[in-house]
Amino acid sequence: MEAIKSQQSEVTRILDGKRIQYQLVDISQDNALRDEMRTLAGNPKATPPQIVNGDQYCGDYELFVEAVEQNTLQEFLKLA
């Protein structure tokens, strides 16, 4: 659980720093939201954070960090 919070904080910190608007969805209280996240991710065992733009799945935390490091975040987030 602590790793999830840490990863989520890192994602929001980066998005805030780049002035990219986002909406956090707390799936912990709602199984339907968790199921939707896993469906979008195409992985029945997916854990947060998963990054989605509308109904387009972007990727998980590791792919997000990779995109930041490679300076391809706009493409990763499907904003470019």
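Me: Which residue caps the N-terminal end of α3?

Reply: Bear in mind that this is a predicted model. In it, D60 does the capping: one of its side-chain oxygens sits 3.3 Å from the backbone nitrogen of E62.

Me: And what happens just after α3, at N71?

Reply: There the backbone takes a positive phi, about 60° for N71.

Me: How do I read a pair of aromatic rings?

Reply: You describe such a pair by the distance of the centres and the angle of the planes. Here the count comes to 1 aromatic pair. F64 and F76 form it, edge-to-face, with 6.0 Å centre to centre and 70° between the planes. The pair links distant parts of the chain, since F64 belongs to helix α3 and F76 to helix α4, 12 residues apart.

Me: What does F76 touch, leaving out residues up to four places away in sequence?

Reply: F76 touches I51, C58, G59, D60, L63, F64 and A67.

Me: What about the nonpolar side chains in general?

Reply: In soluble globular proteins, they tend to be buried together. In this model the largest nonpolar core has 12 residues, including V11, I20, I51, Y61, F64, L73, F76 and L77. Helices α1, α3 and α4 each supply at least two residues of this core.

Me: How does α1 look, then?

Reply: Helix α1 runs over residues 2-17, and its 16 residues reach 22 Å from first C-alpha to last, close to the 22 Å expected at 1.5 Å a residue. Q7, V11, T12, I14 and L15 are its buried residues. They lie on the same side of α1, because their arc around the axis is only 160°.

Me: Which residues are exposed on the other side of α1?

Reply: E2, R13 and G17 are exposed there. The buried residues of α1, meanwhile, pack against α3 (61-69) and α4 (73-76).

Note on methods: Residues numbered from 1 in each chain as written. Predicted model: local features only at pLDDT ≥ 70, side-chain atom pairs only at ≥ 80, totals over all residues. Heavy atoms only, no water. Helix = DSSP H or I, 4+ residues; strand = E, 2+ residues; numbered from the N terminus. Expected span 1.5 Å × (residues − 1). Buried < 20%, exposed > 50% of the residue type's maximum accessible area, 1.4 Å probe, protein only. Arc of directions from axis to C-beta. Contact = heavy atoms within 4.5 Å. Phe/Tyr/Trp six-rings, centres within 6.5 Å; stacked < 30°, edge-to-face > 60°. Core = buried A, V, L, I, M, F, W, Y, C linked by side-chain atoms within 4.5 Å. Polar contact = N/O pair within 3.5 Å; in protein donor to acceptor, adjacent residues only side chain to side chain.
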